[in-house]
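Here is a short report on one protein chain. Look at the sequence and the model first, then read on.

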Amino acid sequence: MKDIIIIAALMLIVFLAAFYIYRSKKKGKKCIGCPYAESCGGGCSSKGTTG
């Protein structure tokens, strides 16, 4: 019974993470998790680097 609860909790976490990514992409965010996601052009990996 314990295993079923753990598996269900993990599946819920994975589902919620995937749903968050889906909704963010649907809203047009290029870089999910980036503070400038709504206004950047998709080059978030180059922001903040010094080299």
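A helix here is a DSSP run of H or I with at least four residues, and helices are numbered from the N terminus. With that in hand, start at the end of helix 1: the residue G28 follows helix 1 and has a positive phi, near 100 degrees. Keep in mind that this is a predicted model.

**The whole chain**

The chain has one helix and zero strands. Its length is 51 residues, and 12% of them count as buried. The chain exposes about 4600 Å². Carbon and sulfur atoms supply 65% of that area.

**Helix 1**

Helix 1 covers residues 2–26.

| Residue | Relative accessibility | Class |
|---|---|---|
| F15 | 51% | exposed |
| Y20 | 46% | partly exposed |
| F19 | 39% | partly exposed |
| S24 | 4% | buried |

Why does S24 count as buried? The cut-off for buried is under 20% relative accessible area, and S24 has 4% relative accessibility, so S24 counts as buried. F15 is at the other class: exposed means over 50%, and F15 has 51%, so F15 counts as exposed.

**Contacts across the chain**

S24 sits in helix 1. Which residues does S24 touch, leaving aside its neighbours within four places in sequence? They are K29 and I32. Y20 lies in helix 1. Y20 and I32 are twelve residues apart along the chain, and their C-alpha atoms are separated by 9.3 Å.

**The aromatic pair**

The structure holds one aromatic pair. The rings of F15 and F19 have centres 6.1 Å apart and planes at 15 degrees, so the pair is stacked. Stacked calls for planes under 30 degrees apart. How do the two residues line up along the helix? F15 and F19 are four residues apart in helix 1, so about one helical turn separates them. An α-helix has 3.6 residues a turn, so residues three or four places apart point the same way.

**A nonpolar patch**

Which residues make the nonpolar surface patch? They are L12, F15, L16, F19 and Y22. The patch is about 540 Å². Both rings of the stacked pair, F15 and F19, belong to residues of this patch.

Technical notes. Residues numbered from 1 in each chain as written. Predicted model: local features only at pLDDT ≥ 70, side-chain atom pairs only at ≥ 80, totals over all residues. Heavy atoms only, no water. Buried < 20%, exposed > 50% of the residue type's maximum accessible area, 1.4 Å probe, protein only. Contact = heavy atoms within 4.5 Å. Patch = residues over 30% accessible without salt bridge, like charges linked within 9 Å, V, L, I, M, F, W, Y side chains within 5 Å. Areas by Shrake-Rupley, 256 points an atom, 1.4 Å probe, with all protein chains shown as cover. Salt bridge = Lys/Arg side-chain N within 4 Å of Asp/Glu carboxyl O. Phe/Tyr/Trp six-rings, centres within 6.5 Å; stacked < 30°, edge-to-face > 60°.
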